[in-house]
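Hi,

Here is the model I said I would pass on.

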Amino acid sequence: YVRRVFITDDFQDLLPRYLSFIKGVVDSDDLPLNVSRELLQESRILKIIKKKLIRKALAMMKDLADADEEKEAEDEDADEKTEEELEAEKAKKEAEKKDEGEEGEEKEKKYPQFWEEFGKSIRLGLIEDGTNRSRLTKLLRYKTSASDGEYVSLDQYVDRMIEGQKDIYFIVGESVEKIEETPACEDAVKRGLEVLLMTDAIDEYVVGQLTDYSGHKLVNLAKEAPKLEGDDDKKAKKVEEKRKEAYQPLCDWFKDLLGEKVTKVVLTKRRTDSPMVVSSPAHGMTANMMRIMKGQTLGREGYQPELKRILEVNHLNPLVDEINKRIAVNKDDAQAKASAKILFEVASLQSGFEVEDTKDFASLLDRMLKAGLDLEADAGPVEEEEYEIEDDEEEAEEVEAEAEEDAPAGDEEL
């Protein structure tokens, strides 16, 4: 509207694509009435209106989020009060509501519902709208490894960082459950670190734009093991050098065995029970990003992104220790090779990578299961025993078959 005179009911240029879910009415006193809609689109005043509308929309979202945080703060204060103080406060609130004629209904958090519905639009805006990126970043919400299913803002995450923590840690995956089962998440939880659990495909692109927040770098734990708290200890560094020297023959053996499947083999620094961890290079593509690119409908036909994997070996695992002992005696130990290949493929699956040669993987598992059940490796199918059938049963079956042949068809009966 211009001075309450209707101009158009479909003017999508006033809001960017990521705010397309917002509907409203705009009435301006500054635009001329006697110009075409095309000229309005190029108007300087219209650009100012668009800027103000975006700021207003983001401010409304922030108010919605702030209201929930205020409620959380009230709940935390209530936990610290005595029973007498809580009863007195409750009676006071009931009296106020009674005077105002309002029903005493407890407020529910609204922003988590808004985030689940429109969170993808906000993340799209963070990618497309560089001008308002800082405002949109404050609206981000993610579940974490320590939030018990609740959504957490980046500010809340930073406030809860342990002493000495410098970075913000995250993992992107298909679901919260799958991310929590990864060795990378297991390692962080054992160290007392909180991890952002990102489960939407667009998050892979978000972290490409959002590299730091409030002076804290965002670190992807699915990539080559980053330096975590406690890794800078001088004594630990000297021990690590000795350990690397002792297990270098094992790492070289794994690299020769796996060939081009891995870019390098190192001893893992992660605190995990898994025998191996397969990660991506620091500047490479993660397994989840590769899954997303392969699933794109409009992707190039036959396009195969370059696969780079780093094998992190857990030297404290009993399986790896046994392999190390075997190859020290004989580098061509067949059982050691088969076990190493299976462990690598299982670790790849656990980290979200695909098994390249499924036939070879199935064959290795078949041989290992046979060995576990004390069967020969080349054992073929067993001979089926013959089942005895009495003559009376054979005659009865023949009579039934003849009766079916003599029976009239449905059309003949009609």
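A quick definition to start: buried means under 20% relative accessible area, exposed means over 50%, and partly exposed is anything in between, using a 1.4 Å probe and protein chains only.

Bear in mind that this is a predicted model, where local features need pLDDT of at least 70, side-chain atom pairs count only at pLDDT 80 or more, and totals for chains, interfaces and linings use all residues. Residues are numbered from 1 along each chain as its sequence is written, and side-chain values use heavy atoms, with hydrogens and water left out.

Of its 414 residues, 33% count as buried. The exposed surface comes to about 27900 Å², with 48% of that supplied by carbon and sulfur atoms (Shrake-Rupley, 1.4 Å probe; for residues, only the protein chains shown count as cover). Taking contacts (heavy atoms within 4.5 Å) between residues at least 6 apart in sequence, 74% join residues at least 24 apart.

Now the backbone. Most residues other than glycine have a negative phi. D148 has a positive one, near 55°, and sits in the loop between β1 (142-144) and β2 (151-152). D148 counts as exposed because its relative accessibility is 77%.

S214, also not a glycine, has a positive phi of about 50°. You'll find S214 in the loop between β5 (212-213) and β6 (216-220); at 51% relative accessibility, S214 counts as exposed.

Cheers

Methods:
Helices (H or I, at least four residues) and strands (E, at least two) are DSSP runs, numbered from the N terminus.
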